[in-house]
Amino acid sequence: MDTMSRFTLWKKKALDDPDLTAELSGLTDDKEIFDRFYRDLEFGTGGLRGVIGAGTNRMNIYVIRRATQGLCNYLKGTDLPQSIAIGYDSRIKSDLFAMEAARVIAANGITAYIYPRLEPTPALSWAVRYLGCGAGICVTASHNPA
């Protein structure tokens, strides 16, 4: 699918986050649209990293949902415990992204343990081991200011 087709589809279907809906309606620059939709944000050694915003090449609830579904698909194909711990910090939208991940996990019939408050990254490692989880998700932008 080309970038303009992706952009058009998002304008029609990406309605779950009012911030993104407003952002998409204001996009008119072809170069900006291209940068947001020319590829899918890739998962690397540091996890998913990208600018928060609308598009397949940005961090948003849709990218979080897609990545979480991939983790669920992987976990369901293993003998690992069918549970995932989730932690988040004070960065912009960390709590929202953590809740979106938990929703996807629960929809897959996997137990989601989400911290009820902000926690540092090491707390997630502890939770995965303590709860005997098959995986953990840490929602942070530790490379950004709090």
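Buried means under 20% relative accessible area, exposed means over 50%, and partly exposed lies in between, with a 1.4 Å probe and protein chains only. By that scale Trp126, at 45% relative accessibility, counts as partly exposed. This is a predicted model, in which local features need pLDDT of at least 70 and side-chain atom pairs count only at pLDDT 80 or more, while totals for chains, interfaces and linings use all residues. Residues are numbered from 1 along each chain as its sequence is written, and side-chain values use heavy atoms, with hydrogens and water left out. Helices (H or I, at least four residues) and strands (E, at least two) are DSSP runs numbered from the N terminus.

**Nonpolar cores**

- A nonpolar core is a set of buried Ala, Val, Leu, Ile, Met, Phe, Trp, Tyr and Cys residues joined through side-chain atoms within 4.5 Å.
- The largest such core has 30 residues, and Leu24, Ile84, Ile86, Ile105 and Ile137 have the most contacts inside it.
- Two or more residues of this core come from each of helix H1 (3–13), helix H2 (18–25), helix H3 (30–37), helix H4 (61–76), strand E3 (83–88), helix H5 (94–107) and strand E5 (135–139).
- A second, separate core has 6 residues, including Ala85, Ala123, Ala127 and Cys133.
- In soluble globular proteins, nonpolar side chains tend to be buried together.
- With neighbours within four places in sequence left aside, Ile105 is in contact (heavy atoms within 4.5 Å) with Thr68, Cys72, Ile84, Ile86, Ile110, Thr111, Ala112 and Ile137.

**Surface patch**

- Tyr113, Trp126, Tyr130 and Leu131 form a nonpolar patch on the surface, and together they have about 450 Å² of accessible area.
- Patches are made of residues with over 30% relative accessible area and no salt bridge; nonpolar side chains (Val, Leu, Ile, Met, Phe, Trp, Tyr) are joined within 5 Å, and like charges within 9 Å.
- Accessible areas come from the Shrake-Rupley method with a 1.4 Å probe, and for residues only the protein chains shown count as cover.
- Helix H6 (residues 121–131) gives the most to the patch, with 3 residues; Trp126 is found in helix H6.

**Aromatic pairs**

- The whole structure holds 5 aromatic pairs.
- Rings of Phe, Tyr and Trp (its six-membered ring) pair if their centres lie within 6.5 Å; planes under 30 degrees apart count as stacked, over 60 as edge-to-face and the rest as tilted.
- The ring centres of Trp10 and Phe37 are 5.5 Å apart and their planes stand at 75°, so this pair is edge-to-face.
- Trp10 in helix H1 and Phe37 in helix H3 are 27 residues apart, and their pair links distant parts of the chain.
- Trp10 counts as buried at 12% relative accessibility, and Phe37 counts as buried at 1%.
- A cluster of Phe7, Trp10, Phe37 and Tyr62 is linked by ring pairs.

**Salt bridges**

- A search of the whole structure finds 14 salt bridges, each a side-chain nitrogen of Lys or Arg within 4 Å of a carboxyl oxygen of Asp or Glu.
- Arg6 forms a salt bridge with Asp40, with the closest N and O atoms 3.3 Å apart. Arg6 lies in helix H1 and Asp40 in the loop between H3 and strand E1 (43–44), so the pair ties together parts 34 residues apart in sequence.
- Arg6 is buried, at 19% relative accessible area, whereas Asp40 counts as partly exposed at 25% relative accessibility.
- Glu32 and Arg36 form a salt bridge whose closest N and O atoms are 2.6 Å apart. Both lie in helix H3, 4 residues apart, about one turn of the helix.
- Glu32 is partly exposed, with 27% relative accessible area, whereas Arg36 is buried, with 10%.
- The salt bridge of Arg39 with Glu42 has its closest N and O atoms 3.9 Å apart; Arg39 counts as partly exposed at 29% relative accessibility and Glu42 as exposed at 56%.

**Val139 in strand E5**

- Val139 lies in strand E5 and counts as buried at 11% relative accessibility.
- Apart from neighbours within four places in sequence, Val139 is in contact with Gly87, Tyr88, Asp89, Ser94, Phe97 and Ala98.
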